[in-house]
Amino acid sequence: MFAVDELVVYGGEGVCRVAQIGPSSIPGADKTKLYYTLLPLYRTGQVLTPVDTRVLMRPVLTREEAQALIAALPELEPEGGPAGNPRLLKDHYQKVVSSYDCAAMIRLIRALALRRRHALDHGKKPSQMDERYLKQAEDRLYGELAAALMTGRDEVAGHIRLQYPQWPEM
């Protein structure tokens, strides 16, 4: 069980702070069940979810884990998924982005940035699907790294590009 004020990664919301734990105040809700009230870090509003939710919910990376991940960037090779079948490709992108696996998102970001560069170098427009998932992967990765390093998402992206000039500029 998570504690109040702990930072967690939750489903499609990304990084959230646990605001409170207790029964729901929503009429008709099971008063014997405990719920987390989560406050997303990067948007307004709140999320109410059962403590025993099946939605992905895990602690945010520690500062040390985030620093180690950034240090490992050069070893994380691009991984863009299956070629040729747009449906399988979309499923792969969705699986990576919704997993919140930071190393997998780094691999995907690198692969999508290479696909984008290749398209632009050949006078073509980058795929809208690639662009959409690239943005989602970056938002989720930079959001978690920023929370772990206690800085802003833009600062994380800038820090990575400063340390690794070959990192894709979006």
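User: Quick one to start: which residue in β3 stands opposite Ile21?

Analyst: Hi! That would be Tyr36. Bear in mind that this is a predicted model.

User: Noted. And how many bridges join β2 to β3?

Analyst: There are 6 of them, and the two strands run antiparallel. β3 covers residues 35-40, while β2 spans residues 14-22.

User: What about the other neighbour, how does β1 pair with β2?

Analyst: In the antiparallel sense, over 4 bridges. β1 takes up residues 7-10, and Leu7 has Arg17 of β2 as its bridge partner. The two strands form a hairpin with 3 residues between them.

User: Which residue in that turn has a positive phi?

Analyst: Gly11 does, with a phi of about 35°.

User: How many bridges hold the β1 and β5 pair?

Analyst: That antiparallel pair has 3 bridges. Within this part of the sheet, Val9 stands opposite Arg58 in β5.

User: Let's switch to Thr49. Is Thr49 buried or exposed?

Analyst: Thr49 counts as buried, because its relative accessibility is 2% and the cut-off for buried is under 20%. Thr49 sits in strand β4, residues 47-50.

User: Which side chains does the Thr49 side chain make polar contacts with?

Analyst: One is the side chain of Tyr10, at 3.1 Å. Another is the side chain of Thr53, at 3.4 Å. Leaving aside neighbours within four places in sequence, Thr49 is in contact with Tyr10, Tyr35, Tyr36 and Leu38. You'll remember Tyr36 from your opening question, as the residue opposite Ile21.

User: Okay, helices now. How do α3 and α4 cross?

Analyst: Their axes come within 9 Å and cross at roughly 145°, and the crossing is left-handed. α3 is residues 102-121 and α4 is residues 128-149.

User: Which residues make that contact?

Analyst: From α3 they include Met105, Ile109, Leu112 and Arg115. From α4, Tyr133, Leu134, Leu141 and Glu144 are among them. By class, the contact has 10 nonpolar, no polar and 7 charged residues.

Notes. Residues are numbered from 1 along each chain as its sequence is written. This is a predicted model: local features need pLDDT of at least 70, side-chain atom pairs count only at pLDDT 80 or more; totals for chains, interfaces and linings use all residues. Side-chain values use heavy atoms; hydrogens and water are left out. Two strands pair if DSSP finds at least two bridges between them. Axes are lines fitted to C-alpha atoms, for helices over the stretch in contact, and angles run from 0 to 180 degrees between N-to-C directions. A crossing is left-handed if the near helix is turned anticlockwise from the far one by less than a right angle, and right-handed if clockwise. Contact means heavy atoms within 4.5 Å. Ala, Val, Leu, Ile, Met, Phe, Trp, Tyr, Cys and Pro count as nonpolar, Asp, Glu, Lys and Arg as charged, and the others, Gly among them, as polar. Buried means under 20% relative accessible area, exposed over 50%, partly exposed in between (1.4 Å probe, protein chains only). A polar contact is a pair of N or O atoms within 3.5 Å; within protein, one must be able to donate a hydrogen and the other to accept it, and residues adjacent in sequence count only if both atoms are side-chain atoms.
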